[in-house]
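Some terms used for protein structures rest on cut-offs.

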Amino acid sequence: KKTNNNQTAAIIFSSGSEGTPKGVELTHSNVMANVKQTATVCNVIVSDVMLGVLPLFHSFGLTTSTLMPLLVGCPLICHADPTDAPKIGKLVCQHKVTVMYGTSTFFNLYVRNRKCLAEMFASLRIIIAGAEKLSDKVRTEFKLKFNKDIFEGYGTTELSPVAGCNLPNIIDSNDMHVQVSNKINTVGLPLPGSAYKIVDPNTLETLPTGEDGLILVSGPQIMKGYLNNPEKTQSVIHEDTDARWYKTGDKGHLDSDGFLTIVDRYSRFAKVAGEMISLGAVEERILERLSLENAEVIAVAVPNDKKGEVIYLVHNTPMPADELKQHLIEFKLDNLMLPHGYLRVENIPKLGTGKKDYSSAKKSVLESIGKPK
């Protein structure tokens, strides 16, 4: 029986890091297209060896590190636990793995683990990070320890999941011209057959180059829709004369070369005294100033009668709230970014994919201050 390429091939539930997970219907065409797009730019061929450690319930793990090697025809080395750094290092070394996909959280574990040796990763030719923002600290320390670059990509479950990524720069030996395919702190160029567009979030009018706005993505990898939720599907799909676009909910801008920079999720801004403050930026600034090994933080926005919203910091450091606040004041953290309150936890809440669980963190803060959830 002939397969209808527009039939649902997989239903992947979104991470739920900011709310209730949604069932995302991906068609055979969606998945096949994204496999071909990603394999093309990463030059994955039958002689490669790929590591498969990302969970199958996550579209990043299903498409890139499971279905891609099977469809390309290259060997796939699997391990069920992406946090098992020593075992992963051994597998990469023993099987001469050449391609690895992962997350900033997992790469950080490999950097931190003393049993994960630099020589173990010698065979890797390309390493792509996705699913969450790649930490500058992780990128730098991974390079120092393993002498390997991590290239940051971008995507969502609704995009099967890859929209674009950075890649190694290539030099033309004839004229010594460098094809720039990697810019630090961007998520790279769109995949072949895809496009980015930055629009005003209210009017959907295209914004000038360099101006922040809502990120739209077009391409064959855009989902069929949300499971049993046509209204929600309609709210995130925009069709114009050019293409069918997915409204990502992310805020960012394009540079003159077409590289995409993400500022934050629109849902991850706090409106403090009328000013829009990126919670992701708050987390970055605080970690820069703390400089504590294994420190992790989550900033959340909480309603406040006087300021509209205030920022609370969930953290795993041993510092008492007063000491932590004074430390940040001494290091001249911007007043608007200075947390209103602090909640210390033993472990920062995480999802199965390794991503931070912002929804659980906010619930914990609201419970701690006695506000309704």
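Q: Which residues of helix 5 are buried in this predicted model?
A: In helix 5, the buried residues are Val138, Arg139, Phe142 and Phe146.

Q: Why are the buried residues of helix 5 said to line one face of the helix?
A: Seen down the axis of helix 5, the buried residues fall within an arc of 100 degrees, so they line one face. These residues pack against helix 4, strand 6 and strand 7.

Q: Why does Arg139 count as buried?
A: Buried means under 20% relative accessible area. Arg139 has 10% relative accessibility, so Arg139 counts as buried. The residue is found in helix 5, which spans residues 136–146.

Q: What does Arg139 touch, leaving out residues up to four places away in sequence?
A: Arg139 touches Leu134, Ile150, Glu152, Ile184 and Asn185.

Q: What makes the pair Arg139 and Asp136 a polar contact?
A: A polar contact needs N or O atoms within 3.5 Å, one able to donate a hydrogen and the other to accept it. The side chains of Arg139 and Asp136 are joined by such a contact at 2.7 Å.

Q: Which side-chain oxygen reaches a backbone nitrogen at the start of helix 5?
A: A side-chain oxygen of Ser135 comes to within 3.1 Å of the backbone nitrogen of Lys137.

Q: Does Asn147 count as buried or exposed?
A: Exposed means over 50% relative accessible area. Asn147 has 57% relative accessibility, so Asn147 counts as exposed. Asn147 is placed in the loop between helix 5 and strand 7 (151–155). Just after helix 5, Asn147 takes a positive phi of about 55 degrees.

Q: How far from the C-alpha atom of Asn147 is that of Leu254?
A: The two C-alpha atoms are separated by 29 Å, and the residues lie 107 places apart along the chain.

Q: What is the order of the strands in the open sheet of seven strands?
A: The order is 4-3-5-6-7-8-11, with mixed pairing.

Q: Why do strand 4 and strand 11 stand at the edges?
A: Strand 4 (76–78) and strand 11 (189–190) each have a single partner strand, so one side of each is left without a neighbour in the sheet.

Q: How do you know that strand 3 and strand 5 pair?
A: Pairing needs at least two bridges between the strands. Strand 3 (residues 50–52) and strand 5 (residues 99–102) have two bridges, in the parallel sense. Met50 stands opposite Val99 in strand 5, and Leu51 stands opposite Met100.

Q: How many bridges join strand 5 and strand 6?
A: Four bridges join strand 5 and strand 6, also in the parallel sense. Gly102 stands opposite Ala129 in strand 6.

Q: Which way do the residues of strand 5 point?
A: Val99 and Tyr101 point one way from strand 5, while Met100 and Gly102 point the other way; all are buried.

Q: What makes strand 5, helix 4 and strand 6 a right-handed β-α-β unit?
A: With the strands pointing away from the viewer, a right-handed crossover runs clockwise from the first strand over the helix to the second. Strand 5, helix 4 and strand 6 make a unit of this hand. Helix 4 (residues 104–112) lies across strand 5 and strand 6 (126–129), at about 115 degrees to strand 5.

Q: What do the buried residues of helix 4 pack against?
A: They pack against helix 3 (85–95), strand 5, strand 6 and helix 5. Among the buried residues of helix 4 are Phe106, Phe107 and Tyr110.

Technical notes. Residues are numbered from 1 along each chain as its sequence is written. This is a predicted model: local features need pLDDT of at least 70, side-chain atom pairs count only at pLDDT 80 or more; totals for chains, interfaces and linings use all residues. Side-chain values use heavy atoms; hydrogens and water are left out. Contact means heavy atoms within 4.5 Å. Axes are lines fitted to C-alpha atoms, for helices over the stretch in contact, and angles run from 0 to 180 degrees between N-to-C directions. Buried means under 20% relative accessible area, exposed over 50%, partly exposed in between (1.4 Å probe, protein chains only). The arc is that of the directions from the helix axis to the C-beta atoms.
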